[in-house]
Amino acid sequence: MKQPSKARLWGAGIVLSAAVMLSGCGASGSETVGTAEALYKKKCLSCHGEKLEGRIGPPTNLTQVGAKLTRDQIADQIAKGGRGMPGFSGSLNETEIGTLADWLAEKK
């Protein structure tokens, strides 16, 4: 029986190590949703409403924002603001903006 080469064993070890490390990374889906909802309540609720319905006219309604904007467009809007909305890049970090954008992009 032929023995595997050292290079093949080394490569398999790297793949296995990466899989183990990645399996423990990040928040679970429910934790991410909880984080997004907490961020929303803290930073967005006053203008966008408790149920994303919008409190300052139709442009603030986010109930179907994911059908209108991509995740990246949503993240950009949160970070930079515009069209009457303030930017939040000074008070939210990239991870928080991404968490909100991911959550809002699912609203279709």
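Student: What covers the buried residues of α6?
Tutor: The cover includes α2, α4 and α5. Please keep in mind that this is a predicted model.

Student: And which residues of α6 are buried?
Tutor: They are I97, G98, T99, L100, A101, W103, L104 and A105.

Student: How many residues does α6 have, and how far does it reach?
Tutor: α6 has 12 residues and reaches 16 Å from its first C-alpha to its last. That is close to the 16 Å expected at 1.5 Å a residue.

Student: Let us turn to the core. Which residues touch the most other members of the largest nonpolar core?
Tutor: Those are Y40, I74, I78, L92, L100, W103 and L104, in a core of 19 residues. Two or more residues of this core are given by each of α2 (29-43), α5 (71-80) and α6 (94-105).

Student: Which element gives the largest share?
Tutor: That is α6, with six residues.

Student: You listed I74. What is it in contact with, leaving aside neighbours within four places in sequence?
Tutor: I74 is in contact with V65, G66, L69, A101, L104 and A105.

Student: Now the helix pair. At what angle do α2 and α6 pack?
Tutor: The angle is about 105°, and the axes are 9 Å apart. Angles of 65 to 115 degrees count as roughly perpendicular, so α2 is roughly perpendicular to α6.

Student: Which residues meet there?
Tutor: From α2 come T32, V33, T35, A36, E37, L39 and Y40, and from α6 come E96, T99, L100 and W103. The residues of this contact divide into six nonpolar, three polar and two charged.

Student: Where do L52 and R83 lie?
Tutor: L52 lies in the loop between α3 (45-48) and α4 (65-68), while R83 is in the loop between α5 and α6.

Student: Is L52 buried or exposed? And R83, buried or exposed?
Tutor: L52 has a relative accessible area of 11%. Buried means under 20%, so L52 is buried. R83 has 76% relative accessibility, and the limit for exposed is over 50%, so R83 counts as exposed.

Conventions. Residues are numbered from 1 along each chain as its sequence is written. This is a predicted model: local features need pLDDT of at least 70, side-chain atom pairs count only at pLDDT 80 or more; totals for chains, interfaces and linings use all residues. Side-chain values use heavy atoms; hydrogens and water are left out. A nonpolar core is a set of buried Ala, Val, Leu, Ile, Met, Phe, Trp, Tyr and Cys residues joined through side-chain atoms within 4.5 Å. Buried means under 20% relative accessible area, exposed over 50%, partly exposed in between (1.4 Å probe, protein chains only). Helices (H or I, at least four residues) and strands (E, at least two) are DSSP runs, numbered from the N terminus. Contact means heavy atoms within 4.5 Å. Axes are lines fitted to C-alpha atoms, for helices over the stretch in contact, and angles run from 0 to 180 degrees between N-to-C directions. Angles under 35 degrees count as roughly parallel, over 145 as roughly antiparallel, 65 to 115 as roughly perpendicular and the rest as oblique. Ala, Val, Leu, Ile, Met, Phe, Trp, Tyr, Cys and Pro count as nonpolar, Asp, Glu, Lys and Arg as charged, and the others, Gly among them, as polar. The expected span of a helix is 1.5 Å times one less than its number of residues.
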